[in-house]
Amino acid sequence: MSILLPTSTAGSLPKPSWLAEPETIWSAWRLEGEALIEGKQDALLVWLQEQQQAGIDIVSDGEQTRQHFVTTFIEHLDGVDFEKRETVKIRDRYDASVPTVVGAVSRQKSVFVEDAKFLRQHTKQPIKWALPGPMTMVDTLYDAHYKSREKLAWEFATILNQEARELEAAGVDIIQFDEPSFNVFFDEVNDWGIAALERAVEGLKCETAVHICYGYGIKANTDWKKTLGSEWRQYEEVFPKLQKSSLDIISLECQNSHVPIDLIELIRGKKVMIGAIDVATNTIETPEEVAATLRKALEFVDADKLYPSTNCGMAPLARSVAKGKLNALSAGAEIIRQELKA
Ligand SMILES: [Zn+2]
């Protein structure tokens, strides 16, 4: 990336109220058929422009084309029955009614490639596209077929790799895999989680990222965070392995979190997307607050590898709040750019 401290968001941005119920996740579409397809594209263009106006350097679709970061991908796969639902505990944290794996999973055609092409047509800026990570996919389903999280993750990794190769061909510059599960299932991460992720990025020439966070600002997550004590050391479990992995970029949560910032030292050499925007509060950071977080991170990341970002997606926030946070991110990064130049 030629620009110093390129800014981006971790993923989702709020849906316009004409497209889906705002300030909620898994919200139902308010349009259908052709109107829904057009509505998603319109929303994508709205957020592309909002990102550009805010001065965001690496832009995304803001996940306007999907209802949920995991289930929308799974909806397009064979072998999963969305009518047959079971309640599972997602990330050991909250109950959710999820679809069931009833047979061998496969992808008949691409899921997001047309959407990615649409975004590519509308900007020359670098674009980032998010896909769910294999472990997080497994954790958002009931498996009545493979009866093995590892086997199912491996199948998903193969499917994700097919999708990722097509996204790369469509002109996506960075493909990001969302793996919040890496903050919860440490033994599995060690046993097969990183290997599955490596399978998903196999053969890719574009940049690859993994996003590991403490989740959206929803109650189940904020309640969970209260149980984690004064120091959140979850990253310590997975960072040494990620440092040795072939992933180019690690996206993590820093702003207002209790993550000891020196844990970033464990991924020295990687590019780091530093979450400098808290997505669990409506309070908009000041540019100076963003700059303070980036300044601290610079003790452990070389400046050419620091990518200012948000802690997580902003789908559950009000549009005005998300816009304010994009502006703060951009202005905060600019403060540090000037300091580095001086
Ligand atoms: Zn996240």
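1. Basis. This is a predicted model: local features need pLDDT of at least 70, side-chain atom pairs count only at pLDDT 80 or more, and totals for chains, interfaces and linings use all residues. Residue numbers start from 1 along each chain, as its sequence is written.

2. Overall build. The protein chain has 10 helices and 9 strands. Both are DSSP runs, numbered from the N terminus: helices are H or I with at least four residues, strands are E with at least two. The C-alpha trace spans about 60 × 45 × 40 Å along its principal axes.

3. Burial and contacts. Of the 342 residues, 47% count as buried. A residue is buried if 20 or more other C-beta atoms lie within 10 Å of its own, exposed if 12 or fewer, and partly exposed in between, with C-beta atoms placed from the backbone. Among contacts between residues at least 6 apart in sequence, 77% join residues at least 24 apart. Two residues are in contact if their C-beta atoms, placed from the backbone, lie within 7 Å.

4. The sheet. An open sheet of 6 strands runs in the order E3-E5-E6-E7-E8-E9, with parallel pairing. Its edge strands are E3 and E9 (306-309), each of which pairs on one side only. Neighbouring strands are turned by 25 degrees against each other on average, direction ignored. Two strands pair if DSSP finds at least two bridges between them. The axes are lines fitted to C-alpha atoms, for helices over the stretch in contact, and angles run from 0 to 180 degrees between N-to-C directions.

5. Strand E3. In E3 (residues 128-132), 5 of the 5 residues are buried, so this strand is largely enclosed by the rest of the structure. In a regular strand the side chains alternate between the two faces of the sheet. Here Lys128, Ala130 and Pro132 point one way, and Trp129 and Leu131 the other way. E3 is joined to E5 (residues 174-178) by 5 bridges, and the two run parallel. Alanine 130 stands opposite glutamine 176, and leucine 131 has phenylalanine 177 as its bridge partner.

6. Helix H6. H6 (186-201) packs through its buried residues against H4 (134-138), H5 (149-169), E5, E6 and H8. Among these buried residues are Val189, Ile194 and Leu197. Glycine 203 follows H6 and has a positive phi, near 80 degrees.

7. Helix H8. Which residues of H8 (residues 234-244) are buried? They are Tyr235, Val238, Phe239 and Leu242. They cover an arc of only 120 degrees around the axis, which puts them on the same side of H8. The arc is that of the directions from the helix axis to the C-beta atoms. Pro240 and Lys244, on the other side, are exposed. The buried residues pack against H6, E6 (207-212) and E7 (249-253).

8. Arginine 295. This residue is found in H9 (residues 287-297). Arginine 295 is partly exposed, with 14 other C-beta atoms within 10 Å.
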